[in-house]
Amino acid sequence: MTSATPVVIYPPDEQGGRRVRVAGQILGRAYSVNDVARMLQEVGLHDWDEMDVVRSALIEWRGGGPDRWGPDENG
């Protein structure tokens, strides 16, 4: 079963990057909200900016919200 949200941002890795998945496909690794916005623009959400990424209910943030980009401190 897939996530109820079409965009999933995974917890930060050791380098502070977060995998970005859209509709079941991994787009790559983001290091900021701006990176996520650019990835979403590349897949068709041309008008999206950083505020859309932060506020959207279409995005599931795992391991911390849009303000979390460092390595996992609990791991």
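This is a short tour of a predicted model, stop by stop.

Start with the whole chain in cartoon view. Of the 75 residues, 36% count as buried. As for contacts between residues at least 6 apart in sequence, 43% join residues at least 24 apart.

Next, the salt bridges; the structure holds 3.

Select Arg-29 and Asp-13. Their side chains meet in a salt bridge, 2.6 Å from N to O. This pair ties together distant parts of the chain: Arg-29 belongs to strand 3 (residues 25–30), while Asp-13 sits in the loop between strand 1 (7–9) and strand 2 (18–22), 16 residues apart. Check the burial too: Asp-13 is buried at 14% relative accessible area, whereas Arg-29 is partly exposed at 41%.

Move on to Asp-35 and Arg-38, whose closest N and O atoms are 3.8 Å apart in a salt bridge. Both are in helix 1 (residues 33–42), and because they are 3 residues apart, about one helical turn separates them. Arg-38 is partly exposed, at 45%.

Then pick Glu-60 and Arg-62, a salt bridge with its closest N and O atoms 2.7 Å apart. Glu-60 is partly exposed at 25%, and so is Arg-62 at 29%.

Last stop: select Asp-47, Asp-49, Glu-50 and Asp-52, which form a negative surface patch. Glu-50 lies in helix 2 (residues 50–55) and is partly exposed, with 33% relative accessibility.

Terms used: Residues are numbered from 1 along each chain as its sequence is written. This is a predicted model: local features need pLDDT of at least 70, side-chain atom pairs count only at pLDDT 80 or more; totals for chains, interfaces and linings use all residues. Side-chain values use heavy atoms; hydrogens and water are left out. Buried means under 20% relative accessible area, exposed over 50%, partly exposed in between (1.4 Å probe, protein chains only). Contact means heavy atoms within 4.5 Å. Patches are made of residues with over 30% relative accessible area and no salt bridge: like charges are joined within 9 Å, nonpolar side chains (Val, Leu, Ile, Met, Phe, Trp, Tyr) within 5 Å. Accessible areas come from the Shrake-Rupley method with a 1.4 Å probe; for residues, only the protein chains shown count as cover. A salt bridge is a side-chain nitrogen of Lys or Arg within 4 Å of a carboxyl oxygen of Asp or Glu. Lys and Arg count as positive and Asp and Glu as negative; His and the chain ends are not counted. The place of a charge is taken as NZ of Lys, CZ of Arg, CG of Asp or CD of Glu. Helices (H or I, at least four residues) and strands (E, at least two) are DSSP runs, numbered from the N terminus.
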